Amino acid sequence: MPSAQRVFIAGAGPVGLVAAANLVRNGVPVTVLEAGSELSQESRASTFHPPTLDMLEELGAAKQLIAQGLIAPQFQYRSRADGVLAQFDFGAIADATQHPYRVQCEQSKLTQILYGALRDNACFRLQFGSRVLDVAEYGDGVHVSVDEGGQLKTHSGRFLIGADGARSEVRRSLSIEFAGFTWPERFLVVSTPFDFHAAIPDLVAVNYVVADAARWHFLLQIPCLWRIMFPIAENESDELALSHEFAQTLMASIVPGVTRYNIAHLTLYRVHQRVAKTFRRGRAFLIGDAAHINNPLGGMGMNGGIHDAMNLTSGLAAVWHGKKSEAELDRFERERRLVTLEYIEQQSIANKRNLESAAPDFRRTLQHIAADPRRTHEYLLRVSMITSLARAQELGREE
């Protein structure tokens, strides 16, 4: 296949490889350009929502991911003083998904699964050590300038997909503004093998613990570890936050009487809410963190990126094969950017503010939702991101 007919993808993370997998299964030749020397082993995102699992089923990746992960059919809201405030079970939306549960699994497991399935396919190439530097459109294609181990090379393809993360070189080269803000606090994630199930009655794998006298935290189980997320105030230094003694102080608030934990990892990061001013410029597109970033509460970042990837590449494959005109690609911007603004950004901001609130209103609202099957169904459709996908389809039909 001539290089000029290929689709180039910047970034071999989960979003980039999902885009590649969907194109390849539709017979479209793909070259993935990855700046790193190998697939990233960082855990980062670890929640896969029900509709995302449905999409991965289409790609033949869901079964392996589920086998390597931890199935989480329920999640809870809790307080330190009162224990469980409300529990929700994804079984209530079994009518809307093939996978009525979350899977907790490091995102690096998905990239390995996808790469293993793609690597011997004649339509697929992956070049490590290849950082995209610049993009220029010409006629019916794009020129992609790439730093390949210190050598500047230019490749020509039909389209380029930027899936190269929050610091996207594709977005920078296209001069697309990344509008939004950065939260003043940072998030600290403490990883530990401590058995919280043995210490906390009725605990499930996903638990949001709302603020009371102490700061809120998020208690999430993945295979072999628990990850606990705490907010770090603006006046608390990075050095303090990353000290084991400070982490032990935070952890001591979780289980009464337990003051020392085996801490496997500490990760501190800044938290942003940003959306690119456009997800498309000509024959170049942005998906995943290159297009939008949000706080991690609710697990919408990677999942939203995978939804971007499936949406865009389904349209690209139809255009590539001549089944649809290039006007079909306008739907991607209309559907995915608007639903990001309307749903993903607003929901993730609301998730954070709800955890921060010590007022009883949110707690009462949760309990009322949990007591009403109709409201529970609607709520679970929303937090699982099924509602956002339905809204994207609606936006695509609007002119």
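Colleague: How much space lies in the largest cavity?

Modeller: This is a predicted model, in which local features need pLDDT of at least 70, side-chain atom pairs count only at pLDDT 80 or more, and totals for chains, interfaces and linings use all residues. Residues are numbered from 1 along each chain as its sequence is written, and side-chain values use heavy atoms, with hydrogens and water left out. On a 1 Å grid over the protein atoms alone, a cavity is a set of points where a 1.4 Å probe fits but cannot get out; a pocket is an open set with protein on both sides within 12 Å along at least five of seven lines; lining residues have an atom within 4 Å of a point. Grid points are joined across faces, edges and corners, and the volume is the space filled by probe spheres set on the points; for the largest cavity this comes to about 30 Å³.

Colleague: Which helix gives the most to the lining of the largest cavity?

Modeller: The lining consists of Ala12, Gly13, Pro14, Ser40, Glu42, Gln107, Ser108 and Thr111. By class it has two nonpolar, five polar and one charged residues (Ala, Val, Leu, Ile, Met, Phe, Trp, Tyr, Cys and Pro count as nonpolar, Asp, Glu, Lys and Arg as charged, the others, Gly among them, as polar). Helices (H or I, at least four residues) and strands (E, at least two) are DSSP runs numbered from the N terminus. With three residues, the top contributor is helix 4 (residues 107-118).

Colleague: Which helix gives the most to the lining of the second largest pocket?

Modeller: This pocket holds about 530 Å³ of space. Of its 22 lining residues, Met310, Asn311, Ser314, Glu335 and Gln393 are the closest to its centre. Helix 1 (14-25), helix 2 (50-58), helix 9 (301-320), helix 10 and helix 13 (386-397) each supply at least two lining residues. The one that gives the most, with six residues, is helix 9.

Colleague: How many residues of that second largest pocket lining are charged?

Modeller: The lining has nine nonpolar residues and seven polar ones. The charged residues number six.

Colleague: What is the radius of gyration of the protein chain?

Modeller: The chain has 13 helices and 20 strands. The radius is taken over C-alpha atoms, and the globule rule is 2.2 Å times the number of residues to the power 0.38. For 399 residues the rule gives 21 Å, and the chain is close to that, so it is as compact as a globular protein of that length, with a radius of gyration of 21 Å.

Colleague: What is the bridge partner of Leu188 in strand 17?

Modeller: Strand 13 and strand 17 pair antiparallel over eleven bridges. Strand 17 also pairs antiparallel with strand 20, over two bridges, where Arg274 is partnered by Ile293. For Leu188, the partner is Leu268.

Colleague: Which residue in the hairpin of strand 10 and strand 11 takes a positive phi?

Modeller: Strand 10 (residues 141-148) and strand 11 (residues 151-157) are antiparallel, with seven bridges. Val142 has Gly157 as its bridge partner. Two residues lie between the strands, and the one with phi near 65° is Gly149.

Conventions
Pairing = 2+ DSSP bridges.
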